[in-house]
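Please have a look at the entry first.

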Amino acid sequence: MTSFPEAARVELQNDQLRANLRNATDTIRAKRARVVAEVPDWEALRDAGRAIKEEVLARLDEYLAQFESAVEAAGGVVHWARDAAEANAVVAEVARSHGADEVVKMKSLTTDEIELNAALEKAGIHALETDFAELILQLDGDWSSHILVPAIHRNRSEIRDLFARTIAPGIASNEPAALAEASRRYLRKRFLDARVGVSGANFGIAETGTICIVESEGNGRMCTTLPPVLVTVLGIEKLLPRFADLEVFLQLLPRSSTGERMNPYTSLWTGVTDGDGPQELHVVLLDNGRTRVLADEMGRQALHCIRCSACLNVCPVYSRTGGHAYGSVYPGPIGAILTPQLRGIENAASLPFASTLCGACYDVCPVKIDIPRVLLHLRAKAVEAKSAPAEAAALHVAAWTFASPRRFAVAQRLLAPLARMRVVRRLPWPLSRWTATRDLRPPAREPFRTWWRKRACPPPARRSSSGYTRRRAVRA
Amino acid sequence: MRIALFITCIGDTFFADAGRATVRVLERLGHEVVFPEEQTCCGQMHLNSGYARDAARLRRRFERIFGGFDAVVSPSSSCVGTARELYEMENVFELSELLVRRLGVEDVGASFAGRVTYHPTCHSLRVTRVGDAPQRLLRNVRGLELVELPRADECCGFGGTFAIKNAETSSAMLADKCDAIAETGAAVCTAVDGSCLLQIGGGLSRRGAPARAVHLAEILASA
């Protein structure tokens, strides 16, 4: 995988991308702030959300077994998948067994994570994305750059041009309603013809075996109710112990993600029901690295994530680079802590460093994932896993210097030539990376400690002329 | 009150003026300032860069040197954040929060002519949570016109080694911050962290902007 700094360098060249992102994230950010402010017990809700997720992770084995029994009791079939290949094979086999050469899919990060579409394509099955933004990306061979708004990097004129080339020849308007109508016309018949629907899940209820999805467009409800067969792929961390826990999360999620008090569509289904909806339900419980994350006491809070994307929208790094730079379906701050854990730190070692530790993500996280703290934890792991000899040498020398005030004072004296300059415009590598775009304030001509010492023990010659005659304690 | 000054490695080396100003402000208010000369760095740079063992050694030094004081003051909210939030040392305070929250002072008797905008640094906002203590102090400075900074709570892009490792992203963030400062027409952008002022000041200077980056302590010390 390309390192974050390299990928970001490319993305930063794209002014259109940055403008699109800025507009979109500003809008969602303001909406979120408004609707969160009107909830008097928001902080208590966050605490409750975190506590429930901690409970799930602490007893995940029990809740998974309970969920499996409940789904099966309600007439569903449960499959366990250790990794992407196993999960994809289950979905392909279900589709094949029903003779389907196309499945309709709702927006699902989990199926993006396992690259389900590509796997199905290899099995001769087309996966049709029915979410408006996912459809845009699929038509253009592009990929998601935001958890909630996958085509956030595209504006409406770009979308109109794409539709004109693909599903709606001759479309002239770039109005949202016209673009939505074009996609509706394209999708409707295929919804009705589909034999198999594929979904992800926002929540799975251990107590009842119920699956819950929240969405805005209604395409998800069509995918989960029209085809006679439904396959739901669910990360094992998505469980909630009790049905009543939805009360907390259905308040936290829409306000955090779209800035709405309530999302337009909330679908809940439990197993299969005679004469209503799909008559065959398959639930794929996916690990794909999650148990490895679970084993890390500090890092496991990344599994609390409910994929709201509030952290992306407030992230100063994400809003400059966009999502593609993160090289994963999970971009932004949550991606920076989740991807290295799911894939192994050695495979995404630059991601934990893709943050200024500004803390904006932690403040908005509805389940209080302490992202900055996990970033620090993963940085230490990255340094252990991947040696960078020059950097390590520099930091060890710095630590050695800081271990002694005498050595530190010597280091300060070595900077004296810079201190005589008015402004520092060029420095050698790697500090040239600073001076490429910024000047450096010259070090103080007299470091603070030198001034303090002179003031505390003025040299005799200067004593009379200096204003400081009182002797002050210099040691604790 | 007897207060130990933690100048920080960046403050000692680059912002000695802000250190002297901190001493002046506190002494003017009748407090005794001491400077434990053993001090160097709190270890934040190593901690943030993933060098946990080096950081742990620096942490032990820091705790040994500053653990015994009733109050430690520092002109850097970021280093205070490391000490208080990560090392759990309750006796360490950023200058403005010490003045406003602990000592109950909002008017330090300073005068500073000109239009000033305040950049709330990330760690002062979201780690040490100094709130509006800096603005309260600034509003009481004679002759100072405080103007609001657009998108004030957004990071300037410093982030320690982030500024080097992710230099392009850091610079893109800085460019937006410098634009926001230019919009205010302020002659001075002030903040409570030397590290962020190094970044903002460096950006302003490179583009030849009329605004300068000045540490809050220096404004509070001017008479």
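Q: What makes domain 1 and domain 2 of chain A the domains named here?
A: The bounds come from an automatic or database domain assignment. For chain A that assignment gives domain 1 as 39-288 and domain 2 as 390-445. The C-alpha centres of domain 1 and domain 2 of chain A lie 52 Å apart. This is a predicted model, in which local features need pLDDT of at least 70, side-chain atom pairs count only at pLDDT 80 or more, and totals for chains, interfaces and linings use all residues. Residues are numbered from 1 along each chain as its sequence is written, while chains are lettered from A and ligands numbered from 1 in the order in which they are written.

Q: How confident is the predictor in chain A?
A: pLDDT, the predictor's confidence in each residue, runs from 0 to 100. Chain A averages 94, and 97% of its residues score at least 70. Residues 463-476 of chain A, however, stay under 50, and the model has 18 contacts beyond four places in sequence for them.

Q: What share of chain A is called buried?
A: A residue counts as buried if 20 or more other C-beta atoms, placed from the backbone, lie within 10 Å of its own; 12 or fewer make it exposed, and anything in between partly exposed. By that test, buried residues are 47% of the 476 in chain A.

Q: How do you know which residues of chain B are in contact with chain A?
A: Two residues are in contact if their C-beta atoms, placed from the backbone, lie within 7 Å. On that basis, 59 residues of chain B are in contact with 53 residues of chain A. The chain B side divides into 26 nonpolar, 20 polar and 13 charged residues. Here Ala, Val, Leu, Ile, Met, Phe, Trp, Tyr, Cys and Pro are nonpolar, Asp, Glu, Lys and Arg charged, and the others, Gly among them, polar.

Q: Why are β2 (32-34) and β4 (92-94) of chain B called edge strands?
A: Strands are DSSP runs (E, at least two residues), numbered from the N terminus, and two of them pair if DSSP finds at least two bridges between them. The open sheet of chain B has the order β2-β1-β3-β4, with parallel pairing. Both β2 and β4 of chain B pair on one side only, so they are its edge strands.

Q: What makes β3 (residues 71-74) and β4 of chain B a pair?
A: They share three bridges in the parallel sense, and at least two are needed, so the two strands pair. Within β4 of chain B, B:Phe93 stands opposite B:Val73.

Methods
Helices (H or I, at least four residues) and strands (E, at least two) are DSSP runs, numbered from the N terminus.
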